[in-house]
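Good morning, colleagues. Please keep the sequence and the model in view as I speak.

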Amino acid sequence: MDKALGNKIPEFNKKPGGAGGSGLAGLSSFGSGDHRSKLEIVVIILVAVVIIGGSEILLRLFNVPQYIIPKPTQIVTALFTEWHFLWPHIVITLYELLTGFFIGGSIGFILAAVITQFPFVEKVVTPYILLLVTTPMLALVPLLILRFGFGSEPRIIAVALASGPMVMINAATGFRRVDLAKIALARSFGASTLQIFTKIRIPMAMPMIIVGLMVGSIFGLLTAIGAEMVGGAEGLGNRLTYYSALIRMPQFFAIIFLLATIGISIYIFFFWLGKKWASWEA
Amino acid sequence: MTKTKMAIHSATKFYETRSGSTHALDNVSLDVREGEFLCILGPSGCGKSTLLWSMAGLHALSGGEVKLGSETITQPHPEIAMIFQDANLLPWRNLAKNIALPFELKRKPPDQARIDSLLERVNLKGFENKFPRELSGGMQQRASIVRSLAVDPSVLLMDEPFGALDAFTRDEMNLLIQEIWMETRKTIVFVTHSISEAIFLADRVVVMSARPGRIASIYDIDIPRPRPVDIQTKPDFIARVLEIKGSIDNGRGAAAGLAIT
Ligand SMILES: Nc1ncnc2c1ncn2[C@@H]1O[C@H](COP(=O)(O)OP(=O)(O)O)[C@@H](O)[C@H]1O
Ligand SMILES: [Mg+2]
C-alpha cells in the first residue's frame with residue numbers, strides 16, 4: 001500500500017510544470033531540454049555575468065577600497081584560499097540548523113495535527129504560539145548561553161524555537177481545511193480515523209505544510225546565524241563577526257555568499273518538494 | 001412479491017445547530033426492493049441527502065432505523081457504496097489511484113481485472129494516469145462510478161450525481177447508468193431534484209416534501225427498458241412529469257395553507 005502511494009510521486013513529475021510564480025519559476029524548466037528553456041538559461045547566465053562583471057569593472061574604475069566593498073574576484077579568491085578554514089564552520093552551522101529544524105519542525109507538525117482536531121485546545125494554545133512566532137528567538141540566546149554554555153545546544157534550541165512555531169502555524173492552517181465530502185467518501189469505504197488522517201487530511205494540508213517547512217527553515221537559518229554572532233567561537237555567524245572585526249572584507253563577503261547559497265538551496269529544495277507533493281493545487 | 005433489500009423504519013432526524021434545531025426528516029418509512037432502481041425526488045432542502053447519508057451509515061438518525069437485510073445500519077457497510085455530487089475525486093491522486101482508494105482503505109489488493117473492465121465499460125481506458133483536473137465533469141463522475149463499482153457493492157446510493165453536469169452530458173450519464181443497472185442489477189437509490197431524470201431512470205419515484213422532510217407520494221414507472229433519451233419528449237412521458245409536478249405544487253399549496261392557520 002505504501003509502495004502504491006509512493007508510485008504516484010514520479011507521475012507528478014511527468015506533467016509539464018505549471019506551478020511557480022516567483023523569480024525562481026525558471027527553475028522548473030532546467031530539467032526539460034526544449035528550445036525556449038535553453039534560451040531562458042542563457043539569459044539568466046548573461047544577466048548574472050553582466051551584474052558580477054559590471055560591479056567588478058565599476059569597483060576597479062572608481063577605485064573603491066577593498067575594506068568598503070571588495071571586488072567579486074577578491075571574494076572568490078578569499079573563498080578558495082580560506083576554504084579549509086571555512087568548511088568546518090559551514091558544517092557546524094548546517095548541523096545546528098538541521099538538528100534544530102528537525103526537532104522544532106517535528107514538534108510543530110505534530111502539535112498542528114493534534115490541536116486542529118480539538119477547537120477548544122486550539123483556542124487555548126494559539127496565543128502562546130503567536131507569541132513564539134512574533135518574538136525574535138534571538139532575544140533568548142544570551143539566556144540560553146548562560147544555561148547551556150557556548151556550544152551548539154543553545155543555538156539548536158533557538159533554531160527549534162524559531163522554526164517550530166512557523167511550521168506549526170502554517171500546517172495548522174492546512175489541517176483546518178476540512179472537506180467533509182472527502183472525509184465522508186473515505187468513511188463510506190470503511191476508513192478508520194487514522195486512515196482519514198493519512199489519506200485525506202495530510203495530503204489536503206500538504207501545500208501549507210510545505211510552506212510552513214520552507215518559512216520555518218529560513219527562520220531557523222536566520223536564528224542560527226544570529227545566535228552564532230551573539231556568542232561562541234564557531235559557525236558562519238561567528239566568522240562574520242570575526243572577519244568584520246579584522247576588517248577582512250573579502251572573507252566577510254565570501255561568508256555572505258555562502259549564507260545566500262544555503263538560503264537559496266533551502267528555497268529550491270522546498271520549491272521542488274512542493275512541485276512533487278503539492279502541485280495538484282496549482 | 002420482490003424481496004426487500006433495505007428498509008427504513010420511521011426515520012426521524014433533527015440537526016442541532018447554534019441557531020436552533022432543524023427537523024430534517026419526519027417519520028420516513030420506505031422499503032427499497034432488491035434490484036430496483038429507486039429515485040428520491042424533492043426540492044432542495046427537503047432532506048434527501050439526510051436520508052441517503054443515514055442509509056449509508058454516515059450519520060445517525062434521531063429516531064427510527066435503517067436495515068440492510070437483517071442488519072441495522074449504524075456505520076458504513078461494505079455492501080453499500082455512495083456516489084457523491086461533483087464526483088468527489090481526490091485531486092492529489094490520478095485516476096488509477098483514486099479508483100484504488102477503496103481497496104487501500106480496506107487493505108486489499110485492487111481487483112485489477114474488474115477495474116480494467118469497468119474502465120473499458122465507461123470509456124475511460126487510457127486515462128488512468130490523468131489527474132481529476134485534467135478530466136471533464138462527465139469523465140470525473142464516470143471515474144467515481146468505477147471507484148464505487150470496483151468493490152462490487154450490492155447497493156449504490158447516488159446523491160444528485162449528475163446535478164452539476166450540462167444537459168448533454170447528463171443525458172449520456174443517464175443512459176450509462178441505466179445500462180449499468182440493466183447489466184449488474186444492483187439496487188440503486190438515486191436522489192435528484194429533476195422530475196424527468198427521476199421518471200427516466202426509476203422503477204419507482206419517491207416524492208418528498210420539505211419542512212419537515214416527509215414522503216409525499218410514490219409513483220410506479222412501468223415504462224419498458226431500455227428507455228431511449230428521446231422518450232422524454234413523448235406525450236406519455238410528459239403526462240407523467242406533469243402529474244408529479246402537479247402533486248408537488250398541490251403539496252406546497254397545502255403546506256402554505258397550514259402555515260397560515
Ligand atoms: N449538517 C447539517 N447541519 C444542520 N442542518 C443541516 C445539515 N445538513 C442539512 N441540514 C438541513 O436539513 C435540511 C435537509 O437538508 P438536506 O438533507 O441536505 O436536503 P436536500 O438534500 O434534499 O437538499 C435542510 O433544511 C438543511 O438546511
Ligand atoms: Mg442534497
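Read along its sequence, chain A follows the pattern α-α-α-α-α-α-α-α-α-α-α. That amounts to eleven helices and zero strands, where helices (H or I, at least four residues) and strands (E, at least two) are DSSP runs numbered from the N terminus.

A word on conventions. This is a predicted model, in which local features need pLDDT of at least 70 and side-chain atom pairs count only at pLDDT 80 or more, while totals for chains, interfaces and linings use all residues. Residues are numbered from 1 along each chain as its sequence is written, chains are lettered from A and ligands numbered from 1 in the order in which they are written, and side-chain values use heavy atoms, with hydrogens and water left out.

To return to chain A: of its 282 residues, 41% count as buried, that is, under 20% relative accessible area with a 1.4 Å probe, protein chains only. Among its contacts (heavy atoms within 4.5 Å) with a separation of 6 or more, 74% are between residues 24 or more positions apart. Chain A exposes about 15200 Å², and carbon and sulfur atoms supply 75% of that area; the method is Shrake-Rupley with a 1.4 Å probe, and for residues only the protein chains shown count as cover.

I turn now to chain B. Here four strands form an open antiparallel sheet in the order S2-S1-S4-S5; two strands pair if DSSP finds at least two bridges between them. Strands S2 and S5 (71-72) of chain B stand at the edges with a single partner strand each, so one side of each is left without a neighbour in the sheet. Strand S1 (residues 4-17) and strand S2 (residues 20-33) of chain B are joined by ten bridges, and two residues lie between them in a hairpin. Within this pairing, B:Ala11 has B:Val28 of S2(B) as its bridge partner. Strand S4 (residues 63-68) of chain B pairs with S5(B) over two bridges, again antiparallel, and B:Lys67 stands opposite B:Thr72.

Just after H1(B), B:Gly57 takes a positive phi of about 75°.

Strand S6 (residues 80-83) of chain B is covered on both faces: B:Ile80 and B:Met82 are buried on one side, B:Ala81 and B:Ile83 on the other. S6(B) pairs in the parallel sense with strand S7 (residues 155-159) of chain B over four bridges, and B:Ile83 stands opposite B:Met158.

Finally, the interface. In all, 27 residues of chain B are in contact with 24 residues of chain A. The size of an interface is often given as the accessible area lost when the parts come together. Between chain B and chain A the buried area is about 2600 Å², with 65% from carbon and sulfur atoms; this is the accessible area (1.4 Å probe) that the two parts lose on being put together, summed over both.

Which side chains meet in a salt bridge here? They are those of A:Lys199 and B:Glu104, at 2.8 Å, N to O; the term requires a side-chain nitrogen of Lys or Arg within 4 Å of a carboxyl oxygen of Asp or Glu. On the chain B side, the elements giving two or more residues are S6, helix H2 (95-105) and helix H4 (137-150). H2(B) provides the largest share, five residues.

Terms used: Buried means under 20% relative accessible area, exposed over 50%, partly exposed in between (1.4 Å probe, protein chains only).
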